[in-house]
Amino acid sequence: MQLLFTAKAVQNKTIILLFILFFLSDIHAQNTSTNEVPVITILKNSEKRFNLSFSYNKRELRGIKCEAPSGSATLEETLQAITENCTLQFYRIDERYIAVQVGNDPLISVCGTLIDTATGAPLIGASVISQSTQTSTDSGGVFNITAVPGDATISLYHMGFKVKEIKAEELSTENDCPLVFTEQRFNYLPTVLLSSYLTKGISKNAEGSVSISNKNFEILPSLIDPDVLKIAQILPGIESFNETASDINIRGGNNDEVLLLWDGIRMYQSGHFFGLISAFNPNLTQDVTVYKNGTHPRFGESVSGVISMKSDSEIPEKVKGAASIDFISTQFYAKIPASETFAIHLSGRTSINTGLGNPVYNQFFKRVFQNTVVTNFQTNTTEGLRSTDEAFNFYDINGKAIWQLSNKDKLEYNFLTIFNKLQFTERITGETSLSKNESELKQQSLVHGITWVRDWSNKLSSKLVYNSIDYVNNGANQNVDTGQTQSQRNDVVESKLMMELFYTFNSDLSVNAGYQHAETVIENESSPFVVNEIFTTRDKLVTNGFFIHSKWKLFSKNSILTAGFRYTDYPNLDQQFLEPRLNVYQKINSELSVTASAEQKHQAIIQTTDIRNNLLGIENQRWIILGSESTPILENNQIALGTTFKKDDWTFGIEGFYKKVEGVNTANQGFRNQLVDAEALGSYEVTGMEASISKKTEHLDAWLSYTYMDNEYTFDSLIPVSFRSNYDISHALSLALSYTWKSLLFSIGTSYHSGIPYTTPVDGNAIIVENDDATINFNEPNNATLQDFFRTDFSAGYTLPLDKTFTGKINIGLVNVFNRKNSLDSYYVLDEDQNGNVILNRVEQFSLGFTPNISFKLLF
């Protein structure tokens, strides 16, 4: 393997490496310049020496250092020395266990009796959590906690839902335990089937969805930040066949068939750098829910799947945040509590591009603009000497305000803007002339949303949501000399109102129902060079959606049935859809369970690719509204059956599925063969199987996921009637391993999948000329397959506590460690040689080469 770097890049890398070495050596010098050692080390040594156990919060003690007691001191002398040198307090729980508290404030013991206000009965089995201590209420609703500071917050949970928070000092009495009254509000979160599905931070739910917790997720190969769209791609059945973060394919469908939501708002733009980077700041993305089948009827507009992202909605006790920089961007986020009932969350990110000579920007630029005018490095043309200048930048800004208006009411406001811009200038200098072309591609989204949540009682709650999005994809190319301009524009303006009710009959039965009204206006505009006219189309879609969803837990909760219906009415199209959704979970024993799911869904808004009409050779993707005879609304039917086996630290799962999507138009599939201008209606069918196996220990996570698919188009008006889909990837496999050792994290993984289909010309008769018009003579569509895709990635992270306030993190990500040249696409075009003869050229799109990245983050 040979790696090529410019001298400037090597110089910059050397400077950064020296800075890291200096940074680490300086810290080491500080640690060794005194006799002070970490207090956690002192406590662990004391545990071994005196055969006892200390109970403490590691986060509070992290960064505290002091002089170690004498090795010959007794237990009492050791505790006294630590108290004086380290400003800690000790509270003996029993003969073996001792609680540790930072500071000089005295520790207290508390107790309470938890009472349900509605019934007057004690809450049994409620969880009581304070710092590192956790207990539960007994049969009388009573709990006891020892050795906590008076100002500590004690959180009370019942049925997995937080019902109350109270200060410890309010529960400190000398005699009876005080009564704590609270409403028993039930949670509406999914029932977790596997808490660590594949790896930590990913949960498989009995309702058919998969949850990703950004807070609990640790590391993934190639990533320097927990990018949720990249994390989702390790799940079986989910891939990105063009190697991007934002273009996600679920069970053989197009990427636009996936409904992407940010805090309930549909996103029409999801990536930076033409999709290589997710547009959603990972620091504020709290949870992600992924549906591949059996989708909650709340969600429509997705025949392949749903990825619903949710930002943090909690009011922190103190200011939290971070700032970081890497080779491609710099970013920050902050969570600021203005009071106990109001908080603001802010985040921002902006690109770092030219001027640094960094390898990440160079590789990204080469990957995105290969085979386009931007990277046409031919300097000599028949017109003269060619020179170019380009500038690419992006940014995203996110803001959120949270008001806890009362114990029953919560109000949230969301703001998000995403921006991408490419400017390209081409100059051709001849002996007597100078020609100049200026081009610009701009993509931007502006999002607003407001949510009001109210708990009307311990059984009934509601949610009212209004949001809007304005998306624009605008491109222009101007010849400065002639004034001629070619332009393209795709605008999406959407506003939505949603109302939901949640009602819980008991812990085994709950119902969720709602109404949604949306108005979407999509405008497409184009102005070609050769015609001095602007062509514009403007379509509007009005949507009224009603849904009901219920969850039953039967037979001592060994069976869980979630079922619902969605009714959607499009009054301006005079079309209606009634769609059932179903998930069944059956527990066989403590190790084995079986699941079944089914759904019907439709989609009225898709993204089409205009191969012929592009700027700079970059594909022109446009959102359009379906509903006419030539472009019918897509309809999906899907069923699946699976099983999960868990024993000790091993987990195994397998699921088979069948999926059929009807209403597919060849004009919207992005063909680059004889079907490039064809318009035929048909369908695609996918039969497949997904399997996963994982092993988890205290320090090690290892997992493997595999997907098999048979994906086929059917168009009755074409010959042949059936042929392979553009996304017929027979085999896909992901294998990864992560290891944690103290403050170090390592992860290495391999991604493999079969090559995608493409169409070849007929050997010996590749070009047909009729009436001086040359065309390519293709074989049957998708008759050939690219070479298999294979890529190995690595990442590592190190956390370094700096003091009580600040923590440093260094993350390294290596993409395509072995610099393998993977082909992502292949197609054929006609060209002319120097003599003016028509020739055939094969164009190939390749994946990222070896791309190293490093980030420095400061958390507070």
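Predicted model: local features only at pLDDT ≥ 70, side-chain atom pairs only at ≥ 80, totals over all residues.

Trainee: Which residues of α6 are the buried ones?
Mentor: They are P359, V360, Y361, F364, F365, R367 and V368.

Trainee: How many disulfides does the structure hold?
Mentor: There are 2 disulfides. With the bonded cysteines numbered in sequence order, they pair as 1-2, 3-4.

Trainee: How do you know that C66 and C86 form a disulfide?
Mentor: The criterion is a pair of cysteine sulfur atoms within 2.5 Å. The sulfur atoms of C66 and C86 are 1.7 Å apart, so the pair qualifies as a disulfide. This pair links distant parts of the chain, 20 residues apart: C66 belongs to strand β3 (residues 65–67) and C86 to helix α4 (residues 75–86). Both C66 and C86 are buried.

Trainee: Why is the disulfide of C66 and C86 given a handedness, and which one?
Mentor: The torsion about its S-S bond is about 50°, so the disulfide of C66 and C86 is right-handed.

Trainee: What makes C111 and C177 a disulfide, and which hand has their link?
Mentor: Their sulfur atoms lie 2.0 Å apart, and the cut-off is 2.5 Å, so C111 and C177 meet the definition. The link has -110° about the S-S bond and is left-handed. C111 lies in strand β6 (residues 107–116), while C177 lies in the loop between β11 (161–167) and β12 (179–182), so the pair ties together parts 66 residues apart in sequence.

Trainee: Why is C177 assigned to its own accessibility class, and which class is that?
Mentor: C177 has 25% relative accessibility. Partly exposed covers values between the buried limit of 20% and the exposed limit of 50%, so C177 counts as partly exposed.

Trainee: What share of the protein as a whole counts as buried?
Mentor: Of its 860 residues, 50% count as buried. The protein has 6 helices and 54 strands. Its accessible surface comes to about 40000 Å², with 53% belonging to carbon and sulfur atoms.

Conventions
Residues numbered from 1 in each chain as written. Heavy atoms only, no water. Helix = DSSP H or I, 4+ residues; strand = E, 2+ residues; numbered from the N terminus. Buried < 20%, exposed > 50% of the residue type's maximum accessible area, 1.4 Å probe, protein only. Areas by Shrake-Rupley, 256 points an atom, 1.4 Å probe, with all protein chains shown as cover.
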